Amino acid sequence: MFNKILIANRGEVALRVMKAARELGIRTVAVYSEADRGAAHTIAADEAVCIGPPPPNKSYLSIPRIIATAEITDADAIHPGYGFLAENAHFAEICEACKVSFIGPSPRTITLMGNKATARQTMMSANVPVIPGSKGIIDTPDEAAPIAEEIGYPVIVKAVSGGGGRGMRVANTPADLSNAFATAQAEAENAFGDGSLYLEKFIVNPRHIEIQIMGDRHGNVVHLGERDCSIQRRHQKLLEESPSPAVNDALRAKMGAAAVKAAHAAKYYSAGTVEFLLDASGHFYFMEMNTRIQVEHPVTAMLTDTDLVREMILVADGKKLSWTQDDITFDGHCIECRINAENPYKNFGPSPGRIDKFSPPEGEGIRVDSYASDGAMVSPYYDSLVAKLIVKGKDRLDAIERTKVTLDNFIIEGIHTTIPFHRALMDHPRFVSGNFNTAFMEEEKVL
Ligand code: MV4
C-alpha cells in the first residue's frame, strides 16, 4: 500500500482525502498557496509545502511545483481532488512518468472523455443512448445544416473541449444556425484554445441525472445509483439528491446498466460519473462523463453506505473493488445543500472574508464536509464552497423536513451564505413536489 499521498488540492476535498488516507494508515502531504498559510488542509496534513502565490496558475495548477513537491517529500501517489488538475490528462501522464501513482483514471481515459466528440463516438459504438446529432466534429454551418434538418430543430452547437456551459449555442430555426455556429466557435476558441464543434438535438428543459460508477484495474465496474442535479443556476449546482424523484427502480436499473457499459467502453478505473439528460417523456441520453470524484459524491456515499474516496485509493494501488453490484443497496433519501460564500439576496454575488463563527449541526443522519472553523478565511481566489450539508431521511419528505431543521441550526457568521436560499427551497411547493427540471431556477422565485 502507498506510504504517503500528496493531495494536489485545498478546502474540504483536501481534508476529505486526508481522512481516507489516515484511515488506511497512509501519511499525507499538503500543498498550499500563500493565501492558504493558515488553512485547515495546511494544518491537518502530516507535512505541508508552500508552492507559490495565491493565483491558481502559480500554485494549485502548477504541474512542475506539485511534481517537485512529490519528489522532495517522497510521496508515492497524488490525489487531485476535483477542479484544478483533476481532469488534466497531461498531469496524470507526468505523474506516471515520475513513478507517482495518479489516484484517478488513466490518462487515455481522461483524454477520450475530455473530448466530447470522441466521448460521444465511444458511447455510440458501445450502444449507450446518446443525444441524436453529428457523428463527429463539424467544420462549417453548411455541414451542420443537413444534419440539423434530419434531427429536427431546435439544435445545439457545442464545443468539443467544452465544459461549464461555455461554448454552446442553441439554434431554434435554420436561420439561427450560422450565427450559433460562429458564436460558439469564437467562445470555444477563446475559452479552450480549441474551436472544434459538434451538433446535437436540443433537449428542452431536461433533468440532469448522473450515475456514480466505480471501477478497478481488473475490469470490474459497479454503479451506485443516480443523483438528481437539476437544481442549478448558471451551470453551478446548488443542491443534489438521491434517489431522483424522477427515477424509479426500473429506470435506475436501465440507466445504471448504461453507465456501466459506458465505463467499460472507456476502460474506466477509479470513481467516475456518467451524466445523462432525462427528457419529459422519460428517455435518457448520455451527455458527458466526468473523470473525477465530484463535489456531490457524499449524497451517494451516504445513501449506499460506501466510502468512494477510500475506494479510489485502494483501486489506484491495484486492489479489486470491495463490492459487487449486488452489494450496493440504497437506503432512504439523501439531500446535499451546497453552502457557498454568496449572497442569495443579491443575485448570488460573492461574499469572501473572515468567518467569525462556524457552528455546524451534528447528529444522526447529518454529515457536514467543510474546511471552515471560527476565524477561517474564505479567499476570493478560489471557489466559494464553504460547506456541504448532507442530510439523510427515511424518504424524500422526511429528508426535506430534517434538512429544514438542520439548516436552522447551522450558524455561519461574518459572511453571507446560501443557507437562507436552501431554507426557502425546502418550503418551495414545486421543489417539494419533485416536479422540476434544469429550468427551475429561471422559472421560480425561491427567496
Ligand atoms: C444540453 C441541453 C439540452 N440538449 N444538450 C449544459 C452544460 C453542458 N454540460 C451541457 N448542458 C446542456 N446540454 C442538449 N443536447 C441542456 C443543457 C443544459 C443543462 C444541462 C444540465 C444541467 C443544467 C443545464 C442547464 C442548462 C442547459
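The centres of domain 2 and domain 3, taken over C-alpha atoms, are separated by 30 Å in this predicted model. Three domains divide the protein chain: domain 1 (4-103), domain 2 (132-201) and domain 3 (207-443), with bounds that come from an automatic or database domain assignment. Residues are numbered from 1 along each chain as its sequence is written, and side-chain values use heavy atoms, with hydrogens and water left out. Because the model is predicted, local features need pLDDT of at least 70 and side-chain atom pairs count only at pLDDT 80 or more, while totals for chains, interfaces and linings use all residues.

We can turn next to the sheet. Eight strands, in the order β13-β12-β9-β10-β11-β14-β21-β19, make up an open sheet with antiparallel pairing. Here strands (E, at least two residues) and helices (H or I, at least four residues) are DSSP runs numbered from the N terminus, and two strands pair if DSSP finds at least two bridges between them. At the edges stand β13 (284-290) and β19 (366-370); each has a single partner strand, so one side of each is left without a neighbour in the sheet. From one strand to the next, the twist averages 25 degrees. Within the sheet, β10 (residues 221-233) pairs with β11 (residues 236-242) in the antiparallel sense over 4 bridges, and Asp228 stands opposite Glu241 in β11.

Helix α1 (residues 11-23) lies across β19 and β21 (385-393), running at about 110 degrees to β19. Such angles run from 0 to 180 degrees between N-to-C directions, and axes are lines fitted to C-alpha atoms, for helices over the stretch in contact; contact means heavy atoms within 4.5 Å.

Two helix pairs complete the picture. Helix α4 (residues 89-97) and helix α5 (residues 107-114) pack at an angle of about 175 degrees, their axes 8 Å apart. That makes α4 roughly antiparallel to α5 (angles over 145 degrees count as roughly antiparallel, under 35 as roughly parallel, 65 to 115 as roughly perpendicular and the rest as oblique). In this pair, Ala89, Ala92, Glu93 and Glu96 of α4 meet Pro107, Ile110 and Thr111 of α5.

The axes of α3 (residues 63-73) and α4 come within 11 Å and cross at roughly 25 degrees, and α3 and α4 are therefore roughly parallel to each other. Ile63, Ile66 and Ile67 of α3 make the contact with His90, Phe91, Ile94 and Cys95 of α4.
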